[in-house]
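Please keep the sequence and the structure open beside the text.

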Amino acid sequence: MSAGGRLENANPVIFQRSGERLLTASDEDEDVHDRIDDREIFDLIRSINDPEHPLSLEELNVVEQVRVKVNDAESSVGVEFTPTIPHCSMATLIGLSIKVKLLRSLPDRFKIDVQITPGTHASEEAVNKQLADKERVAAALENSSLLEVVNQCLTTRSMPDLICICQVVSLSVQSWYMNSCFCWTLMPQSKVDSSSENYIMII
Amino acid sequence: MKEALSLVQRVSAHPDSRCWFVSWNPSGSLVASCGGDKAIRIWGREGDSWICKSVLQDGHQRTVRKVAWSPCGNYLASASFDATTCIWKKKDDDFESLTVLEGHENEVKCVAWAPSGNLLATCSRDKSVWVWEVDEEDEYECVTVVNSHTQDVKHVVWHPTQELLASASYDNNICIYREEDDDWECRATLQGHTSTVWSLSFDATGQRLASGSDDRTVKIWKEYPNEAGQDLSWKCVCTLSGYHGRTVYDVAWCPLTGILATASGDDAVRVFKEDESTGPDQPVFSLAAQVTKAHSQDVNCVAWNPKEAGLLATCSDDGDFAIWRFHED
């Protein structure tokens, strides 16, 4: 993780979020066996937070529904993710967050493969190998500080994050964006006490 | 297929956790299992079923990755992600923690005893292999640290009769070490796998070595005499490919029957037999039996009973361990 306030990718392109899943009649029919489909997997991972920006992986186009492949019958899930820049040092952490999210959400029978979209990262092979090594993933998840960062990425963005962000910012919406990025990077190092006064200030 | 693998018993060994490894004691009467719940359990046969004889807890702060019995069967060594190796001594029907071996920088991945019982090897994610010497007072001293691998070392195994050590690594290579003037040195590097080598197993004679890898193959390596008389010469004489749907996490060569078993991330356990008609330089192995859904998740380990031919123990991410019997009619 890069320490301090310098962002690796200071001005990422932001993408439109997709709408909610449209429910069909068979989705609501309790008697029909619903297979886990690509959209369902995508819904699980699209709102994961980027470690660097206060944006979701979907908004940064790191994950896309077309790069999710599910085979319910064979119990396999494949996800390709696209780092925003080819030298992104956060790639392993992003991949790990996706993997952890799916490990926690899906039935145990699923084999989950998380890989970098071919040709989009300088250390693609090394990152893929690390993410595929379940022993190293298991060891990483026993590391409490790393687990905390992963959990932060997996936490649905809520008020406390905004508060942390706004601590640094005078509240104009525009500067909110810029400075919030700055603050988000600081988060893992400097924890915000959610019980403090700052909390109420913004609300 | 006349051969078959039939289930003898399935035991929930490490519930809500992974069962990483199982190991038979030398007399084949006990199985030690270890897992993500930081515990080691000792299983023994009572009548027709396997029951838990003792639970070894509080020895480790993190996952226990592998366990190994000393050749005399009185000691058990456990390798843990907490960077230590614990030595347990059998006392009556229970085990007590005798000593803790420290020194590795991070996760210890494997531990193995030399056939003499005087040496112990450990390996770690810190890329090193350590050789420890045991004296009569149960004191352990590190005699060598070897850094021949460039990545995480996954497995170490001793030759069945000689003081020859082999290690497998995330760097895709296998190294073979021998003592040379009080120093352990890498005498051969076996290259051929295209991804992580997870496991190694010598055959009964120690002239051949089987390796299982993330590249979904098993390779058979054979030792050749070297004219120069210096470095050891090992060559890959056979590659089993196309059988495994995912990573091969473990291989076990039965010392009694010469049958090869594999554990794979595709949930299957497979058994291979060597064709008798083929020569030693180009052996051919064929699939004799497989159970495609041997466990509900990845199979992490396969271990042949050292005394009862055809009795196989396996364990899985689903937390279970299972005992199988291989039949040939």
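Predicted model: local features only at pLDDT ≥ 70, side-chain atom pairs only at ≥ 80, totals over all residues.

Residues are numbered from 1 along each chain as its sequence is written, chains are lettered from A and ligands numbered from 1 in the order in which they are written, and side-chain values use heavy atoms, with hydrogens and water left out.

**Two sheets of chain B**

Strands E27 and E28 belong to an open sheet of 4 strands in chain B, which has the order E1-E28-E27-E26 and antiparallel pairing. Its edge strands, each of which pairs on one side only, are E1 (4-12) and E26 (299-304) of chain B. From one strand to the next the twist averages 25 degrees, where axes are lines fitted to C-alpha atoms (for helices over the stretch in contact) and angles run from 0 to 180 degrees between N-to-C directions.

Another open sheet of chain B is formed by 4 strands in the order E18-E19-E20-E21, again with antiparallel pairing. Strand E18 (197-202) and strand E21 (233-240) of chain B are the edges of this sheet, each pairing on one side only, and its neighbouring strands are turned by 25 degrees against each other on average, direction ignored. Strand E19 (residues 208-213) and strand E20 (residues 218-224) of chain B are joined by 5 bridges, and Leu209(B) stands opposite Trp221(B) in E20(B).

**Hairpins of chain B**

| Hairpin | Residues between the strands | Turn residue | Positive phi |
|---|---|---|---|
| E7(B) and E8(B) | 4 residues | Ala83(B) | about 75 degrees |
| E8(B) and E9(B) | 2 residues | Asp92(B) | near 55 degrees |
| E23(B) and E24(B) | 4 residues | Asp267(B) | about 75 degrees |

Strand E7 (residues 75-80) of chain B pairs with strand E8 (residues 85-91) of chain B over 5 bridges in the antiparallel sense, and Ser78(B) has Cys86(B) in E8(B) as its bridge partner. Strand E8 also pairs with strand E9 (residues 94-101) of chain B, antiparallel and over 7 bridges, with Ile87(B) opposite Thr99(B) in E9(B).

Ala261(B) lies in strand E23 (residues 260-264) of chain B. Why does Ala261(B) count as buried? Ala261(B) counts as buried because its relative accessibility is 0%, where buried means under 20% relative accessible area, exposed over 50% and partly exposed in between (1.4 Å probe, protein chains only). Contact means heavy atoms within 4.5 Å, and, leaving aside neighbours within four places in sequence, the residues in contact with Ala261(B) include Val251(B), Val271(B), Trp304(B) and Leu312(B). Val302(B) is 41 residues away from Ala261(B) along the chain, yet their C-alpha atoms are separated by 6.6 Å.

Strand E23 pairs with strand E24 (residues 269-274) of chain B in the antiparallel sense over 4 bridges, and Thr262(B) has Arg270(B) as its bridge partner. Strand E24 is in turn joined by 6 bridges to strand E25 (residues 285-291) of chain B, which runs antiparallel to it, and there Val271(B) has Ala289(B) as its bridge partner.

**Chain A**

Chain A has 9 helices and 3 strands, and buried residues make up 42% of its 203 residues. The axes of helix H3 (residues 91-105) and helix H4 (residues 124-132) of chain A come within 10 Å and cross at roughly 35 degrees. Residues of this contact include Leu96(A) and Lys99(A) of H3(A) and Val127(A) and Leu131(A) of H4(A).

Conventions: Pairing = 2+ DSSP bridges.
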